[in-house]
Amino acid sequence: MNRRPSLGRWLVALARSPWALAAGWVFASAAQAADYTGPLFDAHLHYNDEAQSPHPLPDVLARMQRNGVHAIVANSRPNDGTLALASSPLTREAGVTVVPFVRLYRNRADYDNWFRDESIYQMVQAELSRGTAAGPFRGLGEFHLYDSNNADGPVARKLMALAEEKQLAVLAHVDDAAIELLMANTPSKGQKVRLIWAHTGIGGAPVERVDQLLARYPLLMGELSYRPGLTCEDGKLCPAWRALLLKYPGRFMIGSDTWVNQRWLYYDELMKGYRAWLGELPADVARGIAWDNGASLFGVK
Ligand SMILES: [Zn+2]
């Protein structure tokens, strides 16, 4: 039997040496930051009519709980889903704080007409005075404007003024032009209204334009679901967006946007995706976007 060490055996021994292990660890850490592991505030959650049968309360709450989601901006079409989340003892047991918003839609037809439909304004007033078991409604939305000019619709104007007057946040799925029109429709011209820009512009407004709007409106917040250009290869942050998040660490939040049932099926993956890129940021910035920004906006402990 030939007992001389072969080249192959020598390489195997080298690869198993402490030096090789250390070098491998350094390489792996440089290539991949650890995921963010702290609490998450889901700032864009829907619990719509059609979700409630396939995903009853214990199911959606289990999804939040196992993903470390401790607070949610809840809204639903119609508002019953939000009221169910707000009133159930299961929600408290799951350790989830509900920040309820009034959805402007009773049904799908309202999507295209809410901004000029006086009955929507009356519905909002009734919901605001009714409140929820988890406390008063804290915001309005999500609403959509497929044509930015409808931001000047009579009911859109009244709701923006109401939001500022009652210090309600607004969750708006709109483009950058509509942000300016909505802001102009408040008494402070957008200086005192808390507008959460859903998806921070799903049409992909350039980073420079987002920067300009954040600078112009001090209480404008960006929610980051479906944001084009946010992540690049392997779910990592694209450089321009990383720079923007670092420039405005107090102005962004994450959200699931469970607008269709499929989003509930992928809730775990969505939250894992957020945790992966949050882990690339300095710890305090990651914690801000993941939790602190939403928690301080709504006074959640
Ligand atoms: Zn949505």
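Visitor: Which residues is Asn48 in contact with, once its neighbours within four places in sequence are left aside?

Guide: In this predicted model, Asn48 is in contact (heavy atoms within 4.5 Å) with Ser76, Arg77, Arg103, Thr258 and Trp259. Being a prediction, the model supplies local features only at pLDDT of at least 70 and side-chain atom pairs only at pLDDT 80 or more, whereas totals for chains, interfaces and linings use all residues. Residues are numbered from 1 along each chain as its sequence is written, and side-chain values use heavy atoms, with hydrogens and water left out.

Visitor: Why is Asn48 called buried?

Guide: Buried means under 20% relative accessible area, exposed means over 50%, and partly exposed lies in between, with a 1.4 Å probe and protein chains only. Asn48 has a relative accessible area of 2%, so Asn48 is buried.

Visitor: What makes Gly255 count as buried, and where does Gly255 lie?

Guide: The relative accessibility of Gly255 is 0%, and Gly255 therefore counts as buried. Gly255 belongs to the loop between β8 (252–253) and α11 (261–265), where helices (H or I, at least four residues) and strands (E, at least two) are DSSP runs numbered from the N terminus. Beyond its neighbours within four places in sequence, Gly255 has contacts that include Asp42, His44 and Tyr274.

Visitor: What is the volume of the largest pocket, and which residues are the closest to its centre?

Guide: On a 1 Å grid over the protein atoms alone, a pocket is an open set of points where a 1.4 Å probe fits, with protein on both sides within 12 Å along at least five of seven lines, and lining residues have an atom within 4 Å of a point. The largest pocket has a volume of about 260 Å³, and of the 14 residues that line it, Tyr226, Leu270, Gly273, Tyr274 and Trp277 are the closest to its centre. Helix α12 (residues 267–278) gives the most to this lining, with 5 residues.

Note on methods. Grid points are joined across faces, edges and corners, and a volume is the space filled by probe spheres set on the points.
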